[in-house]
Amino acid sequence: MHVFLCDFLLDIVQNSLEADSGTVSILIEEDRRMIRFTVADDGKGMSEETQAKAQDPFYTDGIKHAKRKVGLGIPFLKQTVDETGGEFSLTSAEGKGTTVRFGFDMMHVDTPPFGDLPSTLVAVFSYPASCEIVAKRSLSTSLGSGKWEVRRSLLLDALGDLRSSGSLVLLEQYLRSQEDDLDAIRISHDPEIR
Ligand SMILES: Nc1ncnc2c1ncn2[C@@H]1O[C@H](COP(=O)(O)OP(=O)(O)OP(=O)(O)O)[C@@H](O)[C@H]1O
Ligand SMILES: [Mg+2]
């Protein structure tokens with residue numbers, strides 16, 4: 001179910017999209033050892049009690065899943081972070097929003113592979129919520145550094161309705177070309193980097 005780091009990212013972003021947010025921002029920062037994700041929203045936020053419960057797999061808000069009593073996004077992420085010496089933090093204030101940060105050591109043998117960021121972001125940007133979504137990505141290795149940023153409102157200006165398959169194909173191609181540029185910084189000359 002959670003094979004890639006992007007699967008965790010998608011879960012955490014989905015929580016923000018489900019929280020009546022006006023803006024959801026996604027930051028992906030990678031260096032030669034760590035990959036760190038920050039997902040911040042200005043949605044409904046959580047009380048301290050809900051924050052504690054959210055880390056329990058047998059808690060869900062009772063609305064999202066009509067026929068199940070478990071919420072697995074945050075517990076799965078925490079479990080994998082704990083198993084691989086990664087980082088996790090959640091800060092939230094009711095009525096103000098939530099920020100979840102998590103990071104993985106890419107050299108740890110049990111850290112899941114990164115996964116397919118372009119198709120993950122296509123799923124995020126085409127989610128049927130009307131909020132602004134901003135994704136920022138950076139990569140820095142001994143070979144150099146690069147970054148890119150995508151903003152949903154600008155995508156809508158450029159591509160129109162993101163639910164049409166033509167727009168989604170264009171979006172995926174665009175994101176993939178941005179990632180290809182970063183791959184050139186990441187690979188081959190540095191055998192320690194996978
Ligand atoms: N960004 C957020 N804003 C407000 N509430 C949140 C946020 N993230 C999580 N929560 C609360 O924490 C609960 C648990 O989240 P978690 O992702 O673990 O499970 P879920 O979303 O309920 O179910 P699943 O992820 O399995 O679909 C949510 O039901 C929600 O009440
Ligand atoms: Mg969830």
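What is the volume of the second largest pocket? In this predicted model, where local features need pLDDT of at least 70, side-chain atom pairs count only at pLDDT 80 or more and totals for chains, interfaces and linings use all residues, that volume is about 160 Å³. Residues are numbered from 1 along each chain as its sequence is written, and side-chain values use heavy atoms, with hydrogens and water left out.

A pocket here is an open set of points on a 1 Å grid over the protein atoms alone, where a 1.4 Å probe fits, with protein on both sides within 12 Å along at least five of seven lines; lining residues have an atom within 4 Å of a point. The volume is the space filled by probe spheres set on the points, which are joined across faces, edges and corners. Of the 14 lining residues, Phe125, Tyr127, Ala129, Arg152 and Leu156 are the closest to the pocket centre. Helix α5 (residues 152-159) gives the most to this lining, with three residues.

Turning to the cysteines, the structure holds zero disulfides (pairs of cysteine sulfur atoms within 2.5 Å). The sulfur of cysteine 6 has its closest cysteine sulfur in cysteine 131, and because 19 Å lies between them, they are too far apart for a bond. Cysteine 6 is buried, at 2% relative accessibility, and cysteine 131 is buried too, at 5%; buried means under 20% relative accessible area with a 1.4 Å probe, protein chains only.

Threonine 99 also counts as buried, at 18% relative accessibility. Leaving aside residues up to four places away in sequence, threonine 99 touches Thr38, Val39, Ala40, Ser89, Leu90 and Thr91, a contact being heavy atoms within 4.5 Å.

Conventions
Chains lettered and ligands numbered in written order. Buried < 20%, exposed > 50% of the residue type's maximum accessible area, 1.4 Å probe, protein only. Helix = DSSP H or I, 4+ residues; strand = E, 2+ residues; numbered from the N terminus.
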